[in-house]
Amino acid sequence: MHDDRRITEQRLDRFVRDRILPAIYGRAIPLQLSSWDAPGEPVPAADAMRQLFTPQEPGAPWGKAWSTKWLRLQGEVPQDWGMSDSTAVEIIVDLGFNSDVPGFQCEGTAWRADGSIIKAISPRNYHVPLKLLGGGLSVDFYVEAAANPDVAQGWSFAPTPLGDKATSGDEPRYRLGRIAIAELNETVWELNQDIWTLSGLMHELPMELPRRHEILRALERMLDIMDPDDVAGTAAAGREALKEVLGRPAYASAHELLATGHAHIDSAWLWPVRETIRKCARTFSNVVALMDEDPEFVFSCSSAQQMAWMKEFFPELFVRIREKVKAGQFIPVGGMWVESDTNMPGGEAMARQFVEGKSFFLKEFDIECQEAWLPDSFGYSGAIPQIVKEAGSRWFLTQKISWNKVNRMPHHTFSWEGIDGTRLFTHFPPVDTYNAELHGRELAHAERNYRDHGRGTMSLVPFGYGDGGGGPTREMVAAAHRTADLEGSPKVRMGTARDFFTKAEAEYTNLPVWVGEMYLEMHRGTYTSQAKTKQGNRRSEHLLREAELWCSTAAVRLGSDYTYPQDELKRLWRLVLLQQFHDILPGSSIAWVHQDAERNYEAISRDLEQIIAQAAQALVGEGQSEFLLNAAPHQRSGVPALGVAETTQPGAGVHVEQSKGGFVLDNGLIRVVVDANGLLTSVMDHASGREAIAPGQAANLLELFRDTPNEWDAWDIEEFYRRNVTPLTDAEAVDLERTPAGAVVLVKRTVGASTITQRLRLDAGATSLGIATTVDWQEREKMLKIAFPLDVRADRSASETQFGHVFRPTHTNTSWEAAKFEICAHRWIHVAEPGYGVAISNASSYGHDVTRAVRQDGGTTTTVRTSLLRSARFPDPEADRGEHTLELSIRPGAAIADAVEEGYRTNLKPRFVTGGHAVDPLVSVSNPAIVVEAVKLAEDGSGDVVVRLYESLGERSAAQVKPGFAATGVSATDLLERATETSGVTVGDDSTVRLVLRPFQLVTLRFSR
């Protein structure tokens, strides 16, 4: 027969567009509008409703960026509307949306006059059913309209002033659309869902498959049956024409998709945190309303912080959420405070994400999440499996790894093995989105894309508008029902993540294994963007370590004379954890977000410094002696780890010589040559007598690179950046400054509009050279790195990560290795050949790269670069402009143990206090390979002392751990401080703990008092 397929498809598309969609709503009458404009930031609903509302012109422009307009909608529903079985009355509210980007433009919240939330008003979800207004035919409710600007601008990545309230302008950005009472024809709406499902399926089926053509002809019969002039009257007949093809069951071997409602709500991104709070309220009120309509609908919510906001700011909605949790429809997942970045947070911070998140869900909902849920974080540290398991969870879900630019992950369901050997059942949904609409295209892609056919039969689909929130719609739920058992389609079943993991784990037992980090081959620039945010994070993590250590020590040593500030420490931890969200700490948000983050970090620092000072003074008492508080896990200047004592003499001083316009610094442990341009031409440790710097090259070399990624400016670094580099070899001045501790070489440079001052510091008794680089950074689309070409033949580098380190090849034998041209390290990176290594530590940087070259003399130069600053223009066009001080150190002749110690030394600055007596450590560890990461009092307020330790060298290590106080007992616990069986831990009668730990093993000990 003749092929008229395209003719029929075009006919269908136009019929839907011109006939069916307009007929979904029949009769309509406009509502009476009045309004009030909030003068500044949003106000509570009760406050807004007390204001004077004045008449509002329909269709008028409104809303300068980030402003809020309150609308009051009033009218009467005609008595004969909605009386038939196939009609209902709804209010439709168009705030001036376009339908392309839900969550990235204006949004609204519908409120009853009693201050309770009805639901959200957003693109593709702008209806308010009359029955939700409380009954009767009178319409009288409010809409809180948020004029959030479209910062994304079609993902052009063009610089925009919209991300900063101070520069976003005063012009109205939207125009009110249709706001009316309308009669919904439910039969036409259902017909539209039938067509949407069948058409989406049809276009994904192979042309040679009969099923495709059967669907086409059924749709054609529907078009022939229906009267274009009476769509409402013939819609039922149209549905009947599609009933047979919709009723055919799926193949027995069809892939099963577990669909769970979801709304990935970035806790800040192209909007500030304050707007995220409102986005959460809009989204969660939507899904609660959907649950009332459909008891099969299930929604997964991943962030404890967002639930805490609901409890604080929207208590009435929180009560409704709690009821749906009890009903098994609203499901907390993930067990983290926020969906954090996993590359940059320190070990204890990563642990606290789960401690705070799981504790909140347990307390508020009596639910313990068993899955870690991180669909959108930018790569996954190899330490995560152990942390998840230690938090009492079993499973892991991610989606973002599908964004890899070069290499495709070989599995969708697999066992992920962490750096310590812990394995975690992991799923990576083949649908390749966490914002699915359950369209036929997505379902077919999930089935075709799944890489574990023949072993596994199911995958998970998170559905609902996300990133900017919104969540599932009634159309998506309708699609789920229609594809539950439909020939040609995967079988879609709504359910929970726990449902999926339980079934998938049972059916797929011989899992393939992925070892180590899941490196994302995109968004490598997030290790460096927004340096002040990263600096605030690192400083806050270490201040919290100090505060908990000294407050715990004071609570134990002083008893009732000192009160442990548990609530305040929890508040500060939660604020730090919020800033670790995967679009804040990575530096990929608008200016407003990072301004807030910097203010938060300043407040955190101020509060923690006060807490530390009070605890320290209480510990040492009155007196005139000076004591060093050593919060590091290693001895420092004669002061034991975690103790307080007077320091010993650091060494014989620093000898300085002038040499060819530069200087030679020597403290008897290391010798450093700084040339006339402030470059390091020699760094040697006396113990080995070996030169660290490659022959003929110089370290401390600042390099300026062109930084113009193809897209995602603040996120991405492209490999081609290396092809355009300017080495900053010339100095304007190189001077010497003597200090009480040693000597400092000052180096001044200018590049473009930026000025750079470096302080190269060698102290008496130091085994490393400190380098502090102060930059008044005024560049755009440039990246600043600092290079150390080392005379080391290293086939791999070691980078600190949470509770250990990860090795990465320095060569590029495979595409997987070549893709890792920018890597993340915490406090240190180390390169070595057998018998000799060099450590580079930092106080706030995360981005690094390591390259290698074989010289003509046969030796190998391994160059370590630390990324200092970027200057991306989207989403913050002024990112990183201003003054920064970035600190590093280089330690020659360093083993891994030295790198670990140097990392703590660089990040825990000497802290002195004047008082009357020393203070013994609360706990001592006999082997420095086993590092104490945290000392705190127990979360339950019992006063027990909790000590978190880990094996730091990547080898089997043994030690004794002794409490420095009268302990009545000790137990190994999980991260939530619940007693658990832990391998390698033996408790003695005297509360001494004997440890024999595997490489990188994490242990939490709880000492009873």
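Student: What comes after H16, and what is its phi?

Tutor: Gly 621 follows H16, and the phi of Gly 621 is positive, near 70°.

Student: What makes H16 a helix, and how does its span compare with the expected one?

Tutor: A helix is a DSSP run of H or I with at least four residues, numbered from the N terminus, and a strand is a run of E with at least two. H16 covers residues 591–620, which is 30 residues. The expected span is 1.5 Å times one less than the number of residues. The model is predicted: local features need pLDDT of at least 70, side-chain atom pairs count only at pLDDT 80 or more, and totals for chains, interfaces and linings use all residues. Residues are numbered from 1 along each chain as its sequence is written, and side-chain values use heavy atoms, without hydrogens and water.

Student: How much space lies in the largest pocket, and which residues are closest to its centre?

Tutor: About 1,200 Å³ lies in the largest pocket. Its lining has 37 residues, and Leu 21, Ile 24, Arg 124, Asn 192 and Glu 475 are the closest to the centre. A pocket is an open set of points on a 1 Å grid over the protein atoms alone, where a 1.4 Å probe fits, with protein on both sides within 12 Å along at least five of seven lines; lining residues have an atom within 4 Å of a point. The volume is the space filled by probe spheres set on the points, which are joined across faces, edges and corners.

Student: Which element gives the largest share of that lining?

Tutor: H3 does, with nine residues.
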